[in-house]
There are 2 protein chains.
Amino acid sequence: MTYTVSIDVMPLKELLDPQGKQVLGGLNNLGMTSVMDVRIGKHISLQIEADSADQARNIAEEASKKLLANPVMEHYEIAVIS
Amino acid sequence: MTYTVSIDVMPLKELLDPQGKQVLGGLNNLGMTSVMDVRIGKHISLQIEADSADQARNIAEEASKKLLANPVMEHYEIAVIS
């Protein structure tokens, strides 16, 4: 069965996020002053062939560790969508 | 009150996603052949000062239209987290 799995890879809280700060400045310049903070990461959607949702999650976990996320600078969250 | 709102900005289905294709090739080269497709977009987390969750969502919608997403190439999904 094919599962859709999403992975959100975000910069660690402890680190600056220059792209997010830039976008925050842009939004404030556009008059959207109620936006207080912006952080920007990656949203990765995978189609995974697996026997169960658990197996699909494990494959996504392995993909995150091997290639998708840099643990020094990023953390990730995995969700099996369907 | 401050709401956390997330926006996922993804390339439209009809369009190629060269970054996703590249990552798919990388995962397959690493032996992860059960991954069938990869698409990569942005995950944006906003802190928004608003009176209600609905108002926070509207502000995120406005931010998406004005700055965060390019409707010609991308679609977006908004979720009010807390």
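1. On the charges of chain A: the mean positions of its 7 positive and 11 negative charges lie 6 Å apart, where Lys and Arg count as positive and Asp and Glu as negative, with His and the chain ends not counted. The place of a charge is taken as NZ of Lys, CZ of Arg, CG of Asp or CD of Glu.

2. On the basis of these values: this is a predicted model, in which local features need pLDDT of at least 70 and side-chain atom pairs count only at pLDDT 80 or more, whereas totals for chains, interfaces and linings use all residues. Residues are numbered from 1 along each chain as its sequence is written, chains are lettered from A and ligands numbered from 1 in the order in which they are written, and side-chain values use heavy atoms, with hydrogens and water left out.

3. On the fold: along its sequence chain A runs β-α-β-α-β, which gives two helices and three strands (DSSP runs numbered from the N terminus, helices being H or I of at least four residues and strands E of at least two). With a radius of gyration of 16 Å, well over the 12 Å that the globule rule gives for 82 residues, chain A is more spread out than a compact globule; the radius is taken over C-alpha atoms, and the rule is 2.2 Å times the number of residues to the power 0.38. Along the principal axes, the C-alpha atoms of chain A fill a box of roughly 50 × 25 × 15 Å.

4. On the interface: 29 residues from chain A and 29 residues from chain B take part in the contact (heavy atoms within 4.5 Å). The two chains bury about 2500 Å² between them, 71% of it on carbon and sulfur atoms, buried area being the accessible area (1.4 Å probe) that two parts lose on being put together, summed over both. Of the area that chain B buries against chain A, B:Met32, B:His43 and B:Gln47 supply 21%, more than any other three residues.

5. On A:Ile40: this residue of strand β2 (residues 35-49) of chain A is buried, with a relative accessible area of 8% (buried means under 20%, exposed over 50%, partly exposed in between, with a 1.4 Å probe and protein chains only). Leaving aside neighbours within four places in sequence, the contacts of A:Ile40 include A:Met10 and A:Val23 as well as B:Lys42, B:His43 and B:Ile44.

6. On B:Ala53: this residue belongs to helix α2 (residues 53-68) of chain B and is partly exposed, with a relative accessible area of 32%. Beyond its neighbours within four places in sequence, B:Ala53 is in contact with B:Tyr3 and B:Val80.
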